[in-house]
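Subject: Handing over the structure

Hi,

Here is the structure I promised to pass on. Have a look at it first, and my notes follow below.

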Amino acid sequence: MTDTPPDRLSTNPDSPFFQQELLERGIGIRFKGVERRDVEEYSRSEGWIRVALGKKVDRHGRPLTLKLNGEVEAWFERPAAGDDTATDTDAA
């Protein structure tokens with residue numbers, strides 16, 4: 001059983017790739033071998049991430065983003081609710 005995040009995920013609620021329940025679990029991103037905490041959107045299959053461009057915003061108040069290309073790895077930081085595979089292994 002593998003618990004992997006989707007191929008593409010966004011933190012923007014207006015995006016079709018936004019999934020609140022997955023974001024609440026926490027997503028870890030490693031881009032080009034370095035763990036990143038500032039990722040707004042990613043695509044593993046296409047090999048890119050979007051990061052905020054400083055404090056700059058567009059005319060609607062959304063952050064301006066920069067698309068970076070490279071190897072992307074993603075994982076969940078917390079297990080799914082009700083997933084007790086890591087607990088109670090030594091009940092004896």
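**What turned up**

Leaving aside its neighbours within four places in sequence, F76 is in contact (heavy atoms within 4.5 Å) with D3, T4, P5, P6, L22, R25, G26 and I27.

Before you go on: this is a predicted model, where local features need pLDDT of at least 70, side-chain atom pairs count only at pLDDT 80 or more, and totals for chains, interfaces and linings use all residues. Residues are numbered from 1 along each chain as its sequence is written, and side-chain values use heavy atoms, with hydrogens and water left out.

F76 also belongs to the largest nonpolar core, twelve residues in all, together with L9, L22, I27, I29, F31, V39, Y42, I49, V51, V72 and A74. Such a core is a set of buried Ala, Val, Leu, Ile, Met, Phe, Trp, Tyr and Cys residues joined through side-chain atoms within 4.5 Å, and buried means under 20% relative accessible area (1.4 Å probe, protein chains only). Strand 2, strand 4, strand 5 and strand 7 (72-76) each supply at least two of the core residues. Strands here are DSSP runs of E, at least two residues, numbered from the N terminus.

Strand 5 (residues 48-57) and strand 6 (residues 63-69) run antiparallel and are joined by six bridges; two strands pair if DSSP finds at least two bridges between them. Their hairpin has five residues between the strands, and G61 there takes a positive phi near 85°.

Now the pockets. The largest has about 230 Å³ of space, and its lining includes S10, T11, E40, R50, D58 and R62. Strand 6 gives the most to that lining, with three residues. By class, the lining has two nonpolar, four polar and five charged residues.

The second largest pocket has a volume of about 190 Å³. Of the 13 residues that line this one, T11, I27, I29, R37 and V39 are the closest to its centre. Strand 4 gives the most here, with four residues.

On terms: a pocket is an open set of points on a 1 Å grid over the protein atoms alone, where a 1.4 Å probe fits, with protein on both sides within 12 Å along at least five of seven lines; lining residues have an atom within 4 Å of a point. A volume is the space filled by probe spheres set on the points. Asp, Glu, Lys and Arg count as charged, Ala, Val, Leu, Ile, Met, Phe, Trp, Tyr, Cys and Pro as nonpolar, and the others, Gly among them, as polar.

Cheers

Note on methods. Buried < 20%, exposed > 50% of the residue type's maximum accessible area, 1.4 Å probe, protein only.
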